[in-house]
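These are my notes from going through one structure. I wrote down what I looked up, entry by entry.

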2 protein chains.
Amino acid sequence: MSGWIAVAGLGPGAPELITPEVAAALAAATDVVGYNTYVDRVPPRPGLTLHASDNRVEYERSCQALELAASGKQVVVVSSGDPGVFAMAAAVFEALEEGPAAWRALDVRILPGITAMLAASAEAGAPLGHDFCCINLSDNLKPWSLIEHRLRHAAAGDFAMAFYNPRSKSRPEGFAKALECLRETCGDDRLILFARAVSSDEQQIQVSTLGEAHPEMADMRTLVIVGSSQTRLIERPEGRQPWVYTPRSASGERSDS
Amino acid sequence: MSGWIAVAGLGPGAPELITPEVAAALAAATDVVGYNTYVDRVPPRPGLTLHASDNRVEYERSCQALELAASGKQVVVVSSGDPGVFAMAAAVFEALEEGPAAWRALDVRILPGITAMLAASAEAGAPLGHDFCCINLSDNLKPWSLIEHRLRHAAAGDFAMAFYNPRSKSRPEGFAKALECLRETCGDDRLILFARAVSSDEQQIQVSTLGEAHPEMADMRTLVIVGSSQTRLIERPEGRQPWVYTPRSASGERSDS
């Protein structure tokens with residue numbers, strides 16, 4: 001049998017959010033490559049070799065996976081969420097572009113998954129029900145000035161926004177700066193929600209406003225969504241969490257910038 | 001048994017892209033409510049009533065589903081893709097907000113699915129591998145001026161962009177105007193891809209540039225992705241479709257606006 005490589009999205013965590021397509025690829029694989037935490041979600045079985053690696057070695061991990069596939073292995077690279085959204089697919093193509101020409105003839109498939117922002121949105125209601133932006137707040141691979149530039153355009157365009165990697169121990173200040181920029185451009189009343197560890201037992205959803213939000217409400221396991229000017233709350237009885245949603249229609253009222 | 005309502009994403013079309021969570025909800029339902037085309041994807045079985053309705057009656061359909069759940073039925077509202085992205089979830093919350101207060105105590109769950117832009121992105125490579133925007137190009141529910149306003153900010157922020165509902169028989173001019181606006185803001189060399197009927201037997205992926213793209217390349221079954229300034233092609237041997245991807249790192253070079 002000839003080698004192939006599938007870059008597969010495991011979804012946010014719950015097994016019932018893994019597509020049958022991804023499950024079938026895992027069942028057919030000889031090798032699984034990925035970050036420790038995600039490889040740990042794949043049950044071991046005879047004939048399957050698990051290659052777990054540390055965080056922040058996405059490029060090296062991609063080269064390893066491509067080498068295995070080129071040598072005839074059936075390789076699944078596991079990613080959380082969707083592999084195409086701030087995850088392993090882009091890293092695999094970077095390695096592929098710079099690697100040996102023979103890699104370009106490989107059978108490469110990207111298998112979509114439920115990305116964190118859509119799982120978080122579903123738990124909260126439908127905050128991304130109208131036009132939105134999706135921004136990685138980590139400045140590991142881009143200058144902070146570009147992040148702020150994009151935040152300002154997202155706000156000026158009145159998009160809802162989903163933020164990945166809002167805050168980590170090594171980057172505690174970025175999210176505080178992002179909140180400041182958003183308060184300035186969207187005002188204190190704008191809705192913001194913090195979805196932590198979505199679809200796991202530790203799931204927590206917090207609904208707040210930019211005026212009340214503080215940086216410590218987010219960590220690396222949190223997906224943050226900021227509403228557009230149209231995003232609304234539906235209050236519910238008996239102290240239940242309100243639903244947050246963005247209507248399908250927009251008045252067109254907005255501050256020009 | 002008491003009633004509930006689940007707004008479920010069926011994904012782009014292929015059965016292997018339906019999550020086990022959605023399959024379980026369909027198996028437990030007494031009633032399925034939705035647009036004809038999507039209800040047709042649910043196999044009939046004894047004990048299950050299918051309520052198919054026409055396009056453009058999302059609000060009425062939502063009221064019907066909420067009434068059924070309030071009367072004790074187990075109701076799945078089917079949506080294509082992800083219900084939270086230009087689909088049924090927002091419509092259900094609109095109906096819920098305006099409906100009887102008792103509806104607010106209902107058990108409502110949104111079950112995420114593989115949305116078209118992520119399925120399209122996966123088939124093409126990883127064009128949404130960095131920050132991106134997601135815009136509905138239909139001006140049925142918002143003024144065209146707001147769409148153009150958002151296109152201009154998305155371009156100025158150097159986001160990749162995914163466009164839903166780019167073109168229909170009743171709105172043939174909008175997409176032509178959008179292409180003009182994008183050529184002006186992003187230049188003729190910017191990559192654009194047209195993903196039609198993704199995950200079905202009729203799937204077609206076309207990679208082009210803004211300079212070469214013409215409006216007829218899109219219809220209502222097409223998901224359009226425009227790259228950022230960083231989006232690249234990887235050519236492949238033997239006339240195979242090139243991969244399109246956006247690297248994870250950004251130089252920060254951009255034209256300020």
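This is a predicted model: local features need pLDDT of at least 70, side-chain atom pairs count only at pLDDT 80 or more; totals for chains, interfaces and linings use all residues.

I then asked which classes of residue make up the side of chain A that touches chain B. I noted 43 nonpolar, 17 polar and 18 charged residues on that side.

I next looked up how many residues each chain gives to the contact. Chain A puts in 78 residues and chain B puts in 78 residues. For polar contacts between chain A and chain B I noted 35 residue pairs, both residues at pLDDT 80 or more. I also wanted an area, because the size of an interface is often given as the accessible area lost when the parts come together. Chain A and chain B bury about 6600 Å² between them, and 61% of that is on carbon and sulfur atoms.

I looked for strand pairing between the two chains and found β7 of chain A, residues 132-136, paired with β7 of chain B, residues 132-136. The sense is antiparallel and the pairing runs over three bridges. I picked out F132(A) and looked up its bridge partner in β7(B), which is C134(B).

I turned to chain A by itself. Its domain assignment gives domain 1 as 4-114 and domain 2 as 117-245. The C-alpha centres of these two domains of chain A lie 28 Å apart. Their contact takes eight residues from domain 1 and nine residues from domain 2. Domain 1 and domain 2 of chain A bury about 640 Å² between them, with 63% of it on carbon and sulfur atoms. How many salt bridges did I find between domain 1 and domain 2 of chain A? The count is zero. Polar contacts between these domains come to two residue pairs, both residues at pLDDT 80 or more.

I took the total over all chains, and the rule gives 24 salt bridges. One pair I looked up is E216(A) with R167(A), at 3.9 Å from N to O. This pair links distant parts of the chain, 49 residues apart. I placed E216(A) in the loop between β10 (204-209) and β11 (222-226) of chain A, and R167(A) in the loop between β8 (160-164) and α7 (174-186) of chain A.

Last, I looked up an open sheet of three strands in chain B, with the order β6-β13-β12 and mixed pairing. Why is one side of β6 (125-126) and of β12 (232-234) in chain B left without a neighbour in the sheet? Both stand at the edges and each has a single partner strand, so one side of each has no neighbour there. β12(B) pairs with β13 of chain B, residues 243-245, in the antiparallel sense over three bridges. In β13(B), I found V244(B) as the bridge partner of L233(B).

Terms used
Residues are numbered from 1 along each chain as its sequence is written. Chains are lettered from A and ligands numbered from 1 in the order in which they are written. Side-chain values use heavy atoms; hydrogens and water are left out. Contact means heavy atoms within 4.5 Å. Buried area is the accessible area (1.4 Å probe) that two parts lose on being put together, summed over both. A polar contact is a pair of N or O atoms within 3.5 Å; within protein, one must be able to donate a hydrogen and the other to accept it, and residues adjacent in sequence count only if both atoms are side-chain atoms. Ala, Val, Leu, Ile, Met, Phe, Trp, Tyr, Cys and Pro count as nonpolar, Asp, Glu, Lys and Arg as charged, and the others, Gly among them, as polar. Two strands pair if DSSP finds at least two bridges between them. Helices (H or I, at least four residues) and strands (E, at least two) are DSSP runs, numbered from the N terminus. Domain bounds come from an automatic or database domain assignment. A salt bridge is a side-chain nitrogen of Lys or Arg within 4 Å of a carboxyl oxygen of Asp or Glu.
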